[in-house]
Amino acid sequence: MKKQILSIFALIIVFASNTTAQISTQQQPRSFKIDNVQIHTNNTIIAPVPDIEMLLKEEEQKANRFKPNSCAVLIPIKENFFDRAEKISLPDANLYILSIKSEGAFALNFYSNDFYIPNDCELYVWNPDKSKCLGAFTSDNNSNDGYFATDYVYDDEMIIEYYQPKNVKETAKLSIDKIGYFYNEIINIEKENFVLDEYNSNTLNPPYKGYRDSESCNVDINCSEGNNFRDVQRSVVRILIPLNEYRSGWCTGTLINNTNKDYTPYIISAGHCIEDVSNTGYFAQTIFYFNYEKSGCNNNEKEPARSSLVGADLLTHDKKYGVGSSDYLLFRLKNSIPQSYNAYWAGWSRSEELFKGCVGIHHPSGDAKKISTVDGAIQEIGYDVGVWDYDTHRMVRWKKTTNGHGVTEGGSSGSGLFNIDGLLIGTLSGGISSCSASDYDKVDWYGRFDVTYEKLRQWLDPNSLYYIDFEGIDSKVDLEEVANMEMNLSLFPNPLYDKLTVYINNLNDNGVVSILDILGHSIFSDKITKGTNSLEIDMTNFANGTYFVRLYSKGKSVIKKVVKQ
């Protein structure tokens, strides 16, 4: 049934380049390089299978009561990983491997409430056919609250692998408290037959198919409709929130500027996104995805790179989404945003003007970023829907454009409405738009920012300057800027034709050198040890174009541009 409150549920986590964020070094699991490593049945946790028919009925009932639909359920496990894992003794390390299976799931992931990885140790997650591998997760993922969670892998079984050198005496902690069971086929994906290119030379250009389908009329953000909004599109983030002990959910938010212009990572979204949250600790496992978008327009490319941060503090909210509430929330991320994310802090307007030329930018159904274009001016209120009123909300009707007829869906909740100057003027509460609706019924309602501003003023306008319009601010990322001056690299030759030499200065810990394509996808990765001065990489078979060389060590990174001719 078509939503009125626009959230949809799933489970996912990804890497980030920050010392306290969710970080992955993008390495191959250790067991892949060891012959005859087997996962034995007595080291498999068989998780119960939820009653799918009942869950689908619940979805329908919730839709009728203006409740979000869901696609994944959280199953309690409550196991100590080291009590259940198979221990494999290697000459210089111990390897622990545990399989978790729940029959019929489209995908799985896990949550931990007691997580600690010592220095020089590594954690991986992968599926049985090795088409999806996550990690290595290291001590950079440790947090004060001990929370951790992983991205999903496609299958009804996932393998968790932990590696600890024998000279490391510190004790690791890893509880498996819940798994996420995807029971609703919202993931329309051909599995990525891809681990790391340097270990699998036949997959340099794997045949990626579609990865997550919203309705077909939606318009990719990098179509021509987004040409006037290239800055503000970088402020729009996909959000995954564990709502309660049973479900997790998708929403959309906007990274928003404050009048101090101090790059505080505030995210504004809709209060109804956390309507059912029963434990504020769940915000420590909320995930924020940056730049999750296709590089082109309506192309069927591989899944976009996932750059994310985990954990936020909820500063304020109003869960009501009816008369008298503009349906808002404000998060502050627990971690600063890495410069490599090229983020943008959106400006805002608290004008009451009924603007023309507005757009909505959002993640429908958790899909790659989309844009919807308002037909004419926004309206005070156009339908007697008995849910929202003109004191708190504005109505929009979406129009057909060159590349589609953008609407909104579950997962778009909380996304921003932007005026022609790219200033935030509202956050999405819900509506009745859909691809199949008549043009007249392609309408949605946004909570008014001019109303919400008074609730958020202490954070967004701490000195009470009372701007009507306030500009956004660019992180002004230069991918050649050195993020850590104690660690640096240089490249020769540049441009190059075949082989590249990477010269490394002041590498005081072990690290990883990766080559990223223009979209940030890792297409080569190699571990290097403390004190390494140089590394030669054969790029003969790489396509001509621009690449970025990334040196990562202990949560810090340096990125340099290189051109292959």
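In what follows, a residue is called buried under 20% relative accessible area, exposed over 50% and partly exposed in between, with a 1.4 Å probe and protein chains only. The model is predicted, and local features need pLDDT of at least 70, side-chain atom pairs count only at pLDDT 80 or more, and totals for chains, interfaces and linings use all residues. Residues are numbered from 1 along each chain as its sequence is written, and side-chain values use heavy atoms, with hydrogens and water left out.

**Disulfides**

A disulfide is taken as a pair of cysteine sulfur atoms within 2.5 Å. A search of the whole structure finds 3 disulfides, listed below.

| Pair | S to S distance | Torsion about the S-S bond |
|---|---|---|
| Cys-217 and Cys-435 | 1.9 Å | about -85° |
| Cys-223 and Cys-297 | 1.9 Å | about 90° |
| Cys-251 and Cys-273 | 2.0 Å | -105° |

Strands, named below by number, are DSSP runs (E, at least two residues), numbered from the N terminus.

The disulfide of Cys-217 and Cys-435 is left-handed. It links distant parts of the chain, 218 residues apart: Cys-217 is in the loop between strand 12 (173-182) and strand 13 (219-220), and Cys-435 is in the loop between strand 27 (424-431) and strand 28 (443-448). Cys-217 is buried at 13% relative accessibility, whereas Cys-435 is partly exposed at 22%.

The link of Cys-223 and Cys-297 is right-handed. Its two cysteines are 74 residues apart, with Cys-223 in the loop between strand 13 and strand 14 (236-242) and Cys-297 in the loop between strand 17 (287-290) and strand 18 (307-310). Cys-223 is buried, with a relative accessible area of 1%, while Cys-297 is partly exposed at 30%.

The link of Cys-251 and Cys-273 is left-handed. Cys-251 belongs to strand 15 (residues 248-256) and Cys-273 to the loop between strand 16 (266-269) and strand 17, 22 residues apart. Both Cys-251 and Cys-273 are buried. Counting bonded cysteines along the chain, the pattern is 1-6, 2-5, 3-4.

**Aromatic rings**

Rings of Phe, Tyr and Trp (its six-membered ring) pair if their centres lie within 6.5 Å; planes under 30 degrees apart count as stacked, over 60 as edge-to-face and the rest as tilted. The whole structure holds 21 aromatic pairs. One of them joins Phe-32 and Trp-126, which are edge-to-face because their planes stand at 80°, with the centres 5.0 Å apart. Phe-32 lies in the segment before strand 1 (44-46) and Trp-126 in strand 7 (residues 122-126), 94 residues apart. Phe-32 is buried at 17% relative accessible area, and Trp-126 is buried at 6%.

Phe-283 and Phe-331 also form an edge-to-face pair, 5.6 Å centre to centre with 65° between the planes. Phe-283 is buried at 4% and Phe-331 at 0%. Elsewhere, Trp-348, Phe-449, Tyr-453, Tyr-467 and Phe-470 form one aromatic cluster.

Two strands pair if DSSP finds at least two bridges between them. An open, antiparallel sheet of 4 strands has the order 34-33-36-37. Strand 34 (522-528) and strand 37 (556-564) are the edges, each with a single partner strand, so one side of each has no neighbour in the sheet. Strand 36 (residues 545-553) is joined to strand 37 by 9 bridges, and Arg-550 stands opposite Ile-559 in strand 37.
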